[in-house]
Amino acid sequence: MPKNSRAVRRLVPYFMLSPSYLFIGALMLVPLLMAILYSTQYYMIFEPFNRAFIGLGNYLNIFKDPVFWLAVKNTLVWTFSSLVLQFTLGMILALLLNAGPFFGKPLYQALVFLPWAVPGFLIGMTWKWMFNAQFGVINDLLIRAQIISQPIGFLSMPSTALLSVVLANVWFGVPFFAITLLAGLQAIPYELYEAGNIEGASSTRLFWHVTLPLLKPTMIVSTLLRVIWIANFPDLIYIMTEGGPADTSQTLSTYIFLTGYKSLNIGYSAGLSVVLFLALVVFAVAFIKLTGFGREEA
Amino acid sequence: MIQRRSIRQRLGRALGLLFFLCFALFPLYWMVLTSFKPDRELFSEQVNYWPVHPTFQHYVDVLQRTAFGVYLRNSLAAASAAALVVLIIAIFGGYALARFKFRGRQMSLMALLATQMFPGVVLVAPLYLLFSKFHLLNTLLGLILIYITLNIPFAVFLMRGYFADVPVELEEAAYIDGCNRIEAIWRIVVPALWPGIVATIVFVFVAAWSEMVFAVMFINDEGLKTIPVGLIMFVSKFNVSWGMMMAATTMALVPIAVLFGYIQRYLVQGLTMGAVKG
């Protein structure tokens, strides 16, 4: 080790981490505190002199706002249905990939994981075109398969708008789960399966009693991060429907974005974002408690 | 698992793999195919599933009639600047967390993980006001600062994992040869984890390239728009020319798809540590 005085050596790690702390503190922590402050104020961008402390006024308005409650419901539908489909398909893909080598596997993986690299706004644009009511390929495929007889305006109908965006989000998210779960599967010692085989356990039993328990930490972490990430992902919805028609695909993240961007109501938008933030913190804590995550490692 | 499998099991697996391949590739195929279809084919009742009259017209239109070149340049500048700065910050941060035992180490790790759960939209309004005070609104520098901050936590986690894999002995040999710590990191350790460095750069680059919310909120000048901002304006300006849209989309996607395909296996190492966003 280099010869420095002990006192200086003790400071080295802090010095090395200081740029990270500086950026996170100045551009994440300070804005978070500012958001909490603004949420207690009447604050419109174009009326800077009318700014005033109104206590819980924004929150009271939020809880009286029917669009807010619709957005809460939509956020739950959007997050939960995206998650379940992404997880299930990602798990199946990971198991298929983990079942041994095949010709061209590296290329196959590179291609099948490709959606993960596609930026949200590009996904939104491509799927918006595929869902097009007149010339879209999805309508054409469904008509050819004789599932529907007339083209459907998937993104302009209240009953299908949110589900259509969910489908695009599923396409995007399957590789994430496949990659993380595959990494978890590959970490399971092969001897455990051998031992199970000798004892005559069926592959179904092995899956439930060996694979799943050992995969649990990976499943918990990836699910937790994914839920938070999906709930905070306005890009697809903004591009494909702008939350419409009539707010039927409006989620909290798009609503915060649009109230900030279009109506420039800082106080209200900040109040909404604090509500979303607190909801996610509560969710994360409850999820960690319920799944017992961290206990087996400790 | 290597087991003998019945023909039926193998066929089932092959069909499953085929399904996922088609599901993953069809939208991308459709995007590229659309970009090569002439307008009269795009807006007809007859939908073709392969190129019948391929044309480069949409690409020519995008490059000649729009400022796509400017958007491309801005995205490239913002993403590379963010990637380089984050890399340097993450090398030191990751090294500190991998090699030192110090008070607050565990808390630093927890804090970095906690930032991964942070809703980005919470930052939009406060950063807008903060940036307008410091004249950073409507500048690429402002965007770059945001992209640096958003990507530091994951990049530090990645680098910490890669450093932990480099044997300490390698470093100690450098100290015996008379290097100080900074020299040892730059000359010995960093070259040893080259794949990890490439993975970190590409990850940040792709994340910055993909970012839409802050870019749309903070950038107004035509000359400063990044690709997402520019493309969103396309929709209103060109009355939804889907051929042009898909040509622009293809051009925006190809560079990062190539990069991503290249680093994907290095990223898996970082992902197994369970600290990931996106």
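Colleague: How many residue pairs are in polar contact between chain B and chain A?

Modeller: There are ten such residue pairs between chain B and chain A, both residues at pLDDT 80 or more, where a polar contact is a pair of N or O atoms within 3.5 Å, one able to donate a hydrogen and the other to accept it, and residues adjacent in sequence count only if both atoms are side-chain atoms. Please keep in mind that this is a predicted model, in which local features need pLDDT of at least 70 and side-chain atom pairs count only at pLDDT 80 or more, while totals for chains, interfaces and linings use all residues. Residues are numbered from 1 along each chain as its sequence is written, chains are lettered from A in the order in which they are written, and side-chain values use heavy atoms, with hydrogens and water left out.

Colleague: Switching topic, is Thr211(A) buried or exposed?

Modeller: Thr211(A), which lies in helix α9 of chain A (residues 203-231), counts as buried because its relative accessibility is 4%, buried meaning under 20% relative accessible area, exposed over 50% and partly exposed in between, with a 1.4 Å probe and protein chains only.

Colleague: And what is Thr211(A) in contact with, leaving aside neighbours within four places in sequence?

Modeller: Its contacts (heavy atoms within 4.5 Å) are Leu185(A), Ile188(A), Tyr193(A) and Leu206(A).

Colleague: Why does Ile36(A) count as partly exposed?

Modeller: Ile36(A), in helix α1 of chain A (residues 6-38), counts as partly exposed because its relative accessibility is 40%.

Definitions and conventions: Helix = DSSP H or I, 4+ residues; strand = E, 2+ residues; numbered from the N terminus.
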